[in-house]
Amino acid sequence: MKFYAMCPFLCKENLYLCSVFTMSELMTKGIISPDYIFESSWEVCNKVGGIYTVLSTRAKTLQDTLKDKIIFIGPDLGEANKLYFNEDRNVFKDWRAQAAAEGLSVRTGRWNVPGEPVAILVDFSQYYKDKNEIYTRLWECYGVDSLHAYGDYDEASMFSYGAAKVVESFYDFYLDESKKVIYHGNEWMTGLGLLYINKKLPQIATLFTTHATSIGRSIAGNNKPLYDYLFAYNGDQMAGELNMQSKHSIEKQTAKYVDCFTTVSEITANECKELLDKPVDFVLPNGFENDFVPKGTLFADKRAAARRQIFKVANALLGVELDDADTLIVSTSGRYEFRNKGVDVYIEAMNRLLRDNRLNKKILAFIEVPGWVGEPRQDLVERLKSGLTYDTPLHVPMITHWLHNMSHDNVLDMMKYLDMQNRKDDNVKLIFLPCYLNGNDGIFNMKYYDLVLGNDMCIYPSYYEPWGYTPLEAIAFKVPCITSDLAGFGLWVNSEVGHPSEITDGVKVIHRTDYNYSEVADKIKDTVAEFSNFSPEEVRTSRDNAEKLSRKALWSNFIRYYYEAYDFALRRAEKRKAEQIKHS
């Protein structure tokens, strides 16, 4: 029988459900552990989205076990890596000299995250001149269609090729077949390198994780119904229709040929089966580390500071003084995927709250989604510097930073369509904060984690969300949140609490389908109105339950599934290598 490792909430009748073991128990039960793990991603030392959070928070857990034998490989992007990468020329100094002699251009050092794991950044620009030959070999060996490539396909593929060349060079210099080695690639961008290793170094076990299928995300992003028709979609046909042939092809062929194919939730596992024609071998839920959450009095101080800054900006922009005791601060955040992340239904819910007479507090709502940002509003900056309070709003009191596309922005367009103008008497004020919260945005000048803990509630009603880190981060800061059961995280929450989770449990999980947009908006509205009527004790209970739930998702609880996947990949590689020797 084929071996699967699934979280309890992902069990299906035809899948073997593994027991939950500690790491020492896994070792005694015959689980093969790797001696070295190479893990590559476009987001190693390059903060772009949720994959950065997955890898950077998991790094410490692996580093504690493998002690510098977990090696992350990312793209060398120069200044873009500066905040996240600490170069150290003494790391693998002898190999670096050999790599240079082989024509590899790399920087070695440490990833600036907890655990400080080894990171190697590769300059992949030199491979562009050979890309046609590389793509030809890829077609000949694995049938990958690169003819329709455009956009970031070449960039990602040349990085992936460079990362594989790094692994090959490192292996030849330091290692041999007595070592059990894993090469783990994340997303389609690492597919070319995984297939290169599969071909050139069959003794290395390959593991591929798709965090969202490229074609599934595209179907959802193009406003097509994904879930009700998933069984009827043909991935290859949809790739042609949506001009996604090359990305879909590399993802599909990589999933087919690697030793272990994984994803992050049951939702995406279904996508893989239907759209890539390849069931996953493992579902590996995303955990996190809570080292960044302040403790004790520091938490209270940071929360108070965040709320002061939020109200200060709101007063300067809106010309109203909001009372901390009589106002709920809510927000949504994430990538600017207007429908997929549920930004549209969030705006709709805030609009409906304007007319809900059950609302017992004023609502100060934010959309913290990076857009095509221009610059901080100077009129707002001047008001903030003055230290004064104001009783008149600024012009366009819905946005903190000017955009390059003010007249063609989805958020502003929808607010205009709904006539949401943040009028003085409105009990719900909605503000668009369209930039990365890196501590230097010119208005809030606070990092995201320092600002999010000032919220009373966070709302993430995603339509397409393989996992969902933003709600997990929110509850780690004791901020109750709303999410949907189309997010892997939402399904996990329901399984943990044993029923459709309510806001009193710390997370409200709303049932979402292809067609119940209006119902979802009403559920959000009703939940916020309900929360506004909570007693202080009920608020404390909800906040405490949120934080308790977050602790169940720590990497110390989830890392065991990775070790089961490593074992599976290593055994498959051993078998594959034996078969190749037999037929050679």
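Predicted model: local features only at pLDDT ≥ 70, side-chain atom pairs only at ≥ 80, totals over all residues.
Local features require pLDDT of at least 70 and side-chain atom pairs pLDDT 80 or more, while totals for chains, interfaces and linings use all residues. Residues are numbered from 1 along each chain as its sequence is written, and side-chain values use heavy atoms, with hydrogens and water left out.

**View 1. Crossing of helices H11 and H13.** The axes of H11 (residues 296-318) and H13 (residues 378-386) come within 9 Å and cross at roughly 120 degrees. H11 is therefore oblique to H13. Helices are DSSP runs (H or I) of at least four residues, and strands (E) of at least two, numbered from the N terminus. Lys312, Val313, Ala316 and Leu317 of H11 meet Leu380, Arg383 and Leu384 of H13, contact being heavy atoms within 4.5 Å.

View 2. The whole structure contains zero disulfides, defined as pairs of cysteine sulfur atoms within 2.5 Å. The closest cysteine sulfur to that of Cys481 belongs to Cys458, at 6.9 Å, too far for a bond. Cys481 is buried, with a relative accessible area of 0%, whereas Cys141 is partly exposed at 39%. Buried denotes under 20%, exposed over 50% and partly exposed in between (1.4 Å probe, protein chains only).

**View 3. Surroundings of Thr483.** Thr483 lies in strand S16 (residues 481-484) and is buried, with a relative accessible area of 2%. Beyond its neighbours within four places in sequence, its contacts include Tyr460, Pro471, Phe489 and Val507.

Technical notes. Axes fitted to C-alpha atoms, helices over the stretch in contact; angles between N-to-C directions. Parallel < 35°, antiparallel > 145°, perpendicular 65-115°, else oblique.
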